[in-house]
Amino acid sequence: MSSTSTRVGQPPRSLDATERRHVVLVGYAGSGKTVVGRALAERIGCDFVDLDDVIVEAAGTSLRDIFRRHGDVGFRARERAALREILARKNVAVVATGGATFVDPAMRGWIHEAGRSVYLQASPESLLARLDGGDQRAHRPLVGGPDLEQTIRRTLSERVPAYEEADYTVRTDLSRVEHVVEEIVRLLRLDRLGASGRAPARRRFETPGAEEPEVGETPPVQVRLPAGSYPVHFRAAAGSWLAHEISRSSSGPRVVVIADEAVAALHATPLVNGLRDSGKSVSLQVVPPGEESKVLSMAAMLYGRLLEQGIDRHDLVVALGGGVICDLAGFVASTFLRGIPHVQVPTTTLAAVDATIGGKTALHAPFGRNLIGTTYPPKAVLVAGTHLASQPRREHVAGLVEVLKLAVTLDAPLFDTLTREAEHLARCVDPTLTVLRRAVALKAELLARADFVTGERTVLSFGHTVGEAIEAAEGSRLLHGEAVGLGMLAETEWAEAEGWCAGSGAALAQALRALGLPVDWRGRALDERGIGLETKRRGGHLRLAFVPRVGSHEVRTVPAAALVEFLRRRGTTG
C-alpha cells in the first residue's frame with residue numbers, strides 16, 4: 001500500500017503506467033533483492049533486471065571503480081540514468097535496486113509512478129550474517145567500515161522511513177526464497193500477469209478517506225464493554241488508512257504519538273507524516289524500550305509533555321508499540337484531564353491480541369508488577385500486518401500463545417488451524433491476520449458476556465498460575481508467552497492425572513512444538529511464591545480452567561497444595 005507522502009520526480013514519458021507495471025524490489029544490501037528478483041521473474045515469466053548490472057555495463061567498469069573515480073555524486077547520476085532507462089522499457093520486468101536507490105527522493109518518485117514497489121525487510125542481525133564476508137563487501141562499496149554491525153544499524157535506521165514508503169513489505173530474514181516469492185505473488189496478485197505483459201494497476205491511496213478497500217478486507221471486530229465499545233481493524237499493510245482511522249477518532253486538532261525508541265525508528269515517520277497530511281498537529285514522544293518505562297515516573301514525564309503542548313479533552317493520544325507502550329499510553333490517556341481519547345496501534349502479536357483488548361491499562365510499582373491501572377477502552381485498535389512482521393520471530397511466536405490459549409479452550413477449528421499452519425504462522429505470513437482476527441473475536445465474545453467477571457475470566461488466565469511461577473524463577477531466559485505455554489501444559493497434565501481431562505495434553509504439546517515453543521516444563525525451576533500470591537487463590541484454593549477436550553473448558557476450584565505437590569513430584573520446584 002502506498003503512503004500519503006508527496007511523490008518527487010516525473011515518470012518516464014514512454015511508459016504507459018496504467019498498463020505496464022514493473023515490480024521494483026527495494027531494501028538494504030543483503031536483504032535478498034537479487035536472488036528473490038531472479039526467482040520472482042522466473043515464477044511469473046518476465047524479465048529480471050539488476051540495476052547495478054545496468055550501471056556497470058553502461059560504464060564499462062566495476063561499481064567500486066565508479067565510486068573511486070567519480071564519488072557518490074557521479075555514481076548517483078549514473079544510477080538515475082539507468083533507472084529511468086529500465087522503467088521506460090515496454091516489457092514488464094522485476095527490478096532489483098541498490099540499497100540507497102529508494103532513499104533518493106527523485107528515484108523513489110519515478111518508481112512509485114512506474115511500478116509497484118516491494119520492500120524486502122530484514123533484521124540487522126540477518127543483514128550482518130549475509131554481508132560479513134569478503135566477497136560480499138567487495139561487491140558493495142558502501143557496505144563496510146571497521147565495525148560492519150554498527151554501520152548496518154546506523155544506516156538502516158536512517159533508511160527505514162524511506163523503505164516503508166514502498167507499496168508492500170515482505171520480511172525475508174526468516175523465510176526461504178520460494179516463500180518470499182509466493183508472498184509477493186499473492187500480495188501483488190501477479191498470477192494475473194499474462195502473456196501480454198499486463199499487470200493489475202497499483203491501487204492508489206492518495207489522501208485519508210479516499211482509499212479503496214483491500215481485496216478480501218473483512219469488517220472490524222467490535223469489542224463491547226460496559227465502559228464503551230470500539231472496533232479492531234486488521235489490514236495487511238500499514239498505510240494512509242491508519243491516519244484516516246486515527247483522525248476519525250477525535251475532533252481535536254492535536255495528536256500525540258507515544259512510542260519507544262526501537263519502534264519509533266521503524267514505524268513512526270510514515271504515521272506522523274500521514275497524520276500531518278490529514279491536517280493534524282502531531283508530536284512524537286519517544287521513551288526508552290522495555291518494562292522500565294512502564295512506571296509512574298514515565299507517566300508523569302508524559303503528563304508534563306502533554307501540558308506543555310496544550311492538549312485538551314478533544315485531542316488524542318496514539319500508542320504505537322507493544323504491550324508496554326499500549327499500557328503506558330493507555331494509562332496516561334485514561335488519567336490525563338480525567339480521560340482523553342486514545343487509539344492503540346499495536347506492533348507486536350501479544351499486544352494485538354491481549355494488551356489492546358479489554359481496555360485494561362497497568363503500570364508497575366516498586367512492590368509488584370501491573371499493580372496500578374485503569375479500565376479505559378480506546379477509540380479504536382488498528383492492526384497492520386507489516387507492523388507485526390517487524391518484531392523478532394521469537395517474540396511473535398510467544399505472542400501466538402495468547403491465540404493458542406483461546407483456541408484450546410474455546411475453538412477446536414482454530415486450534416486445528418494453529419497446528420496445521422504452524423510453519424506459516426511462525427513466519428508471520430498468511431493466515432496470521434485471519435487467525436489473530438478470530439482470536440480477538442473470541443476474546444470480544446468473552447468480554448461481552450454478562451457472567452464474564454465471575455466465570456469466564458478464568459479462561460483468560462489458563463496457564464498463568466504455573467506459567468508465572470516458572471517465569472518468576474527463570475527470569476529473562478523465558479518470554480512471558482513461552483512461560484504461559486509451559487504453564488498451560490503443566491496445568492493440563494495435572495488435570496489429566498486427576499482424571500478431569502484425557503488426551504488434551506498431548507494435543508497441546510503438539511501445537512506448542514509445531515510453533516517452535518518450549519514444552520519442557522518438568523525441567524524448569526518454579527517459584528512457589530508465585531502460586532501463593534496468585535490472585536485467584538481463596539482460602540488455600542485456586543480457581544483454574546481445564547480442557548477436558550480441545551475446544552472446550554471447565555472451571556474448577558482446587559486445593560493449591562495439591563497442584564504444588566504435583567509440581568514437586570515432577571521436580572520443577574526451585
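Tutor: Contact means heavy atoms within 4.5 Å. Keep in mind that this is a predicted model.

Student: Which residues does Ala82 touch, not counting residues up to four places away in sequence?

Tutor: Ala82 touches Leu51, Val54 and Ile55. Ala82 itself is found in helix α3, residues 63–87.

Student: Why does Ala82 count as buried?

Tutor: Its relative accessibility is 8%. Buried means under 20%. Therefore Ala82 counts as buried.

Student: What separates the C-alpha atoms of Ala82 and Val56?

Tutor: A distance of 9.8 Å, with the two residues 26 apart along the chain.

Student: How many of the residues of the chain count as buried?

Tutor: 56% of the 574 residues. The chain has 24 helices and 16 strands. Among contacts between residues at least 6 apart in sequence, 76% join residues at least 24 apart.

Student: Where does helix α7 bend?

Tutor: At Ser157, by about 35°. Helix α7 covers residues 148–163, and Pro161 follows the bend within four residues. Buried residues of α7 include Leu148, Ile152, Leu156 and Arg159.

Student: What makes the positions of such a set fall on one side of a helix?

Tutor: An α-helix has 3.6 residues a turn, so residues three or four places apart point the same way.

Student: At what angle do helices α11 and α12 pack?

Tutor: Helix α11 (residues 296–308) and helix α12 (residues 323–335) pack at about 55°, with axes 10 Å apart.

Student: Why is α11 called oblique to α12?

Tutor: Roughly parallel needs an angle under 35 degrees, and roughly perpendicular needs 65 to 115. The angle here is about 55°. That makes α11 oblique to α12. The crossing is right-handed.

Student: Which residues of α11 and α12 meet?

Tutor: On α11, Leu296, Met298, Ala299, Leu302, Tyr303 and Leu306. On α12, Leu328, Phe331, Val332 and Thr335. These divide into 9 nonpolar, 1 polar and no charged.

Student: What makes α21 roughly perpendicular to α24?

Tutor: The axes of α21 (residues 480–497) and α24 (residues 560–569) cross at roughly 100° and come within 11 Å. The range for roughly perpendicular is 65 to 115 degrees. So α21 is roughly perpendicular to α24. Ala490, Glu493, Trp494 and Ala497 of α21 make the contact with Ala562, Leu563, Phe566 and Leu567 of α24.

Student: How do the residues of that contact divide?

Tutor: Into 7 nonpolar, no polar and 1 charged. Glu493 takes part, and Glu counts as charged.

Note on methods: Residues are numbered from 1 along each chain as its sequence is written. This is a predicted model: local features need pLDDT of at least 70, side-chain atom pairs count only at pLDDT 80 or more; totals for chains, interfaces and linings use all residues. Side-chain values use heavy atoms; hydrogens and water are left out. The bend at a residue is the angle between axes fitted to the seven residues ending there and the seven starting there. Helices (H or I, at least four residues) and strands (E, at least two) are DSSP runs, numbered from the N terminus. Buried means under 20% relative accessible area, exposed over 50%, partly exposed in between (1.4 Å probe, protein chains only). Axes are lines fitted to C-alpha atoms, for helices over the stretch in contact, and angles run from 0 to 180 degrees between N-to-C directions. Angles under 35 degrees count as roughly parallel, over 145 as roughly antiparallel, 65 to 115 as roughly perpendicular and the rest as oblique. A crossing is left-handed if the near helix is turned anticlockwise from the far one by less than a right angle, and right-handed if clockwise.
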